[in-house]
Amino acid sequence: MSHELNVRWMPEDGEDIHVKEEDVIYEDIEYIEEYSLDEPNTSDGAISTNEETNTYVTKIETIDSAVDMLQSSVWSMQPPERTGTVGRKLAHPRSVPIGLAKSAKGYAECLSLFLDADVIAMITEYTNEQIKAEQPNYTRERDANLTDETEIRALLGILFIAGTVRDGRENIEYLFDNKTGTGLEAVYLTMSSLRYHFLIRNVRFDDPAAALDESEGDKLAPIRAVYERIVSNCQKYVRPGRFLMLGEQTVQFKGKCDFRQFLANVPSRAGFKFHLLADCETSYVSNLEMCVPENQNPYNLSYAPMDIAMRLTEPIQGKQKTIVFGPTFTSPELIKKLYESRTMVIGEVKKSYPDIPKAFISNKGRPEHSTLAAYHDAVTLVSYVTKRKDLMLLMSSFTDADPTKNEESDEIEKQTQRIQLVELYNRTKSTIHNIQQMCTMYDVVRSTRRWPMIVFFNLMNLCAINAWCIYQMNHPEESKISRRDFLVNMSLELLRPQARRRLDNKTIARALKQRIATFLGISREEYETVPVFDNRPDSRGRCYLCSRARNKSTRMSCHSCGKFTCNAHCAHLCRTCYMEDGTEEQ
């Protein structure tokens, strides 16, 4: 939309106006003076003549006309001719699950798409190798028993449910406390505190015997297999929607690591960088990459912004998607390269970016919500004035314009399209930031100095977010479930198989068995078979309902099962009542 500006006219007395070339800048566009010794064209109404000084003043009606006169050599005010219908063929405008993800209905089932059987089997195998190496340090064999897949899933469930109560950096013993009432019943009924600490110390993601040799050739070797498997699962179970965002995620780590980086936006100023490609509508992470600089070949990758963007967007190139970039990744070269592969881009640039016309980085004399546009090949540069009189610069190859429409479209329609582009960017630019917040809110991380554990904790957070997205896509008829409720239900499904197996352990206390049965929702008859003995009127035995500490002996036995019971755990019935009860049962 054109906006008229105040025009400064020439004085009638014809005084000379000395204007230096450096003074004619875009920050103060009110008038432009042109010096010429030739007679101007008097038919142009925008030029007035002073015969004495031969000075001609050009009246500037709009900002666009000024930029048209003083445009740089890179940008042009005329949009290029676009051929074809790039950006209008939208086969899949919304995210949809594909493959096995379409049939995943349960909470833990959605998580198992990413932390699948192969990932759990690798963790179990390498953890058992580490346990075997640690067994000679224990005098009792039961203190260093081998683990299995069910127990590893229960360990992950404890980490997830600890994250829901935001206990990541707290002492884990509070969750296992069953005496003062501060613990989580689902946690201490599943496994003991000693067993949890033993597993968390010995969990491994690579063969411990070969870890030292492999780390010399690959810095990410201790978790490479699990990391690549999870990334592959994230790529193949969801077809992303029309708009995706590429951004950076930071993970805090203060321990020792060869590729730990300085991070300005984390409290400890050190940690790891992950680059995420996420769907803007559902926050589903469709691709990710960990930054490991100066690695050995063939894992030594370039981490230039263009190379990162081309690698992460490779699975979706040529599918008419639109990628949203932050200032770190946006460049005309990257936009052109993705445009050639039928991928649109919307990205923000800083005011200090080179080759930006000065009119585009100044808001003086420009009203709110006004825009300027310049073009260079397939790239469109848009300057937008916000409500607070600040400037937003966008580079884009995205367009919704109809190529069959008349080229001389109305200026109001162009202004509307630019504002819609700005609104679209404002809606989608916080996608990666929201994912970072979700990971921080219910973080599974525990205090550790082992960097593979920190990497795996972050992968667990991202897998939980993806599982939550798939669950919502597979249950569109239900009301939206909160992420905390989803994590709690998912954790309980991971814990129950291990709790049920613990119920069959004959060495745990009877009171603990009863609480586990209540947690699982099963009756006593389902987990405890009561043997039937013959009546022994002259023998003596210990009451089977009394605790070991009491050690109550008695001569009385149950008439039905024959087990010994003391006076506190038996009832006396007369023959009439006993016969009536027997008749009712029959």
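Arg-169, Lys-254, Arg-260 and Arg-449 form a positive surface patch. Patch residues have over 30% relative accessible area and no salt bridge, and like charges are joined within 9 Å. A salt bridge puts a side-chain nitrogen of Lys or Arg within 4 Å of a carboxyl oxygen of Asp or Glu. Areas are Shrake-Rupley values with a 1.4 Å probe.

This is a predicted model, where local features need pLDDT of at least 70 and side-chain atom pairs count only at pLDDT 80 or more, while totals for chains, interfaces and linings use all residues. Residues are numbered from 1 along each chain as its sequence is written, and side-chain values use heavy atoms, without hydrogens and water.

Arg-260 sits in the loop between strand E6 (243-252) and strand E7 (261-262). Arg-260 counts as partly exposed because its relative accessibility is 37%; buried means under 20%, exposed over 50%, and partly exposed lies in between.

Ile-454 belongs to helix H13 (residues 451-474). Helices are DSSP runs of at least four residues, strands of at least two. Ile-454 has 2% relative accessibility, so Ile-454 counts as buried.

Now the hairpin. In strand E12 (residues 371-376), 5 of the 6 residues are buried. E12 runs antiparallel to strand E13 (residues 379-385), joined by 6 bridges; pairing takes at least two DSSP bridges. His-376 stands opposite Val-379 in E13. The hairpin has 2 residues between its strands, and Asp-377 takes a positive phi near 55°.

Conventions:
Buried means under 20% relative accessible area, exposed over 50%, partly exposed in between (1.4 Å probe, protein chains only). Patches are made of residues with over 30% relative accessible area and no salt bridge: like charges are joined within 9 Å, nonpolar side chains (Val, Leu, Ile, Met, Phe, Trp, Tyr) within 5 Å. Lys and Arg count as positive and Asp and Glu as negative; His and the chain ends are not counted. The place of a charge is taken as NZ of Lys, CZ of Arg, CG of Asp or CD of Glu.
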